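Subject: A structure to look through

Dear colleague,

Please find below the structure that I promised to hand over. Have a look at it first, and then read on for what was found in it.

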Amino acid sequence: MELWFTEKHTKNVELSIKVDRQLYSSQSEFQRIDVFESPEFGRFLTLDGYMMLTEKDEFIYHEMIVHVPMSVHPDVKKVLVIGAGDGGVIRELTRYQSIEHIDLVEIDEMVVKVCKEYLPLTSCSMGDPRVHITYQDGLKFVRRRQNEYDLIIVDSTDPFGPGEGLFTKEFYGNCYKALKEDGIMVNQHESPFYKEDAIAMQRAHKRIIESFPISKVYQAHIPTYPSGHWLFGFASKKYHPLSDFDTSRWKSLGLKTKYYNCQLHLGAFALPNYVEELLEDVE
């Protein structure tokens with residue numbers, strides 16, 4: 001007998017991954033949490049049946065959401081991470097000795113507990129003394145912050161269910177206020193390829209450009225996400241992701257990465273025409 005995990009990407013498209021076994025399954029207060037083990041992608045995490053990460057390709061997402069802003073901002077000391085209960089963003093951030101404090105705000109405590117037990121490749125740095133975890137709705141947390149963070153990383157789930165509030169104009173406006181005068185916000189920006197995903201991407205982009213003077217979009221290719229073509233949003237009060245990108249400063253850190261590099265940083269902001277047109281439609 002063969003076991004397969006299947007995720008619907010559209011009404012007409014599905015992604016199926018052969019599974020060796022199911023390691024964990026439970027319903028938290030907010031969502032269903034499952035961890036599977038597969039021969040091709042290793043262990044992977046799903047929430048409410050949607051793929052969050054796999055051991056084989058998570059490095060792409062986590063490196064691109066962290067190292068792009070970290071290589072642009074010259075002096076990140078305090079970071080706010082919203083979502084990211086799997087620990088992958090934290091793992092990449094804690095590699096920077098210059099960071100002094102990281103607030104991780106995750107709505108679902110069970111996600112953190114499950115990932116610590118079953119996904120040690122991503123959760124390995126959650127015990128770093130600079131990391132302070134708050135279990136709360138990120139929207140409520142950021143409302144009370146002002147002029148506090150150098151960098152905000154919004155590693156949210158999709159724009160429905162527990163993550164829905166993290167795609168509103170109010171939320172992005174509150175992130176703007178929570179950032180210092182030269183702060184940067186980066187968020188996962190959905191996929192531009194399938195129609196429903198593209199609409200969600202446009203909606204988020206429109207709300208971000210209403211709050212930030214600098215708002216750019218960059219891309220990465222993540223095999224297990226819908227279409228494999230994924231976008232990130234770079235929003236900033238001061239720094240431009242290309243003209244303020246200091247390759248020598250980042251290279252001097254000597255960080256070893258599997259996906260991100262300085263050439264890729266520049267190329268990631270060169271978007272296909274169809275994506276540019278989708279963005280222009282809401283700009």
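Is Glu190 buried or exposed? With a relative accessibility of 3%, Glu190 counts as buried, where buried means under 20% relative accessible area, exposed means over 50%, and partly exposed is in between (1.4 Å probe, protein chains only).

Before the rest, two notes on how to read the values. This is a predicted model, in which local features need pLDDT of at least 70 and side-chain atom pairs count only at pLDDT 80 or more, while totals for chains, interfaces and linings use all residues. Residues are numbered from 1 along each chain as its sequence is written, and side-chain values use heavy atoms, with hydrogens and water left out.

The whole chain

The chain has 10 helices and 13 strands, which are DSSP runs numbered from the N terminus (helices: H or I, at least four residues; strands: E, at least two). Its radius of gyration is 18 Å, close to the 19 Å that the globule rule gives for 283 residues, so the chain is as compact as a globular protein of that length; the radius is taken over C-alpha atoms, and the rule is 2.2 Å times the number of residues to the power 0.38. Along its principal axes, the C-alpha trace spans about 55 × 45 × 35 Å. Of the 283 residues, 58% are buried. Among the contacts (heavy atoms within 4.5 Å) with a separation of 6 or more, 66% are between residues 24 or more positions apart.

The cores

A nonpolar core is a set of buried Ala, Val, Leu, Ile, Met, Phe, Trp, Tyr and Cys residues joined through side-chain atoms within 4.5 Å. The largest one here has 50 residues, and those with the most contacts inside it are Met64, Val81, Leu93, Tyr218 and Phe232. Helix H1 (residues 58-72) gives the most to this core, with nine residues. A second, separate core of 19 residues includes Tyr149, Ala178, Phe212 and Ala235. If residues up to four places away in sequence are not counted, the residues that Met64 touches include Tyr218, Phe232, Tyr259 and Leu264.

Two residues and their surroundings

Tyr176 is found in helix H6 (residues 169-178) and, at 30% relative accessibility, counts as partly exposed. Leaving aside neighbours within four places in sequence, Tyr176 is in contact with Ser211, Phe212, Pro213 and Lys237. Tyr176 and Ile208 are 32 residues apart in sequence, and their C-alpha atoms are 9.4 Å apart in space. Ile208 is also one of the residues that Ser215 touches, along with His205, Ile209, Phe234 and Ala235, again not counting residues up to four places away. Ser215 has its place in strand S12 (residues 214-221) and counts as buried, at 14% relative accessibility.

Two positive phi angles

Most residues other than glycine have a negative phi. Glu190, however, has a positive phi of about 70° although it is not a glycine, and it lies in the loop between strand S11 (179-188) and helix H7 (195-209). Ser227 also has a positive phi, near 75°, and lies in the loop between S12 and strand S13 (229-236). While Glu190 is buried, Ser227 is partly exposed, with a relative accessible area of 30%.

With best wishes
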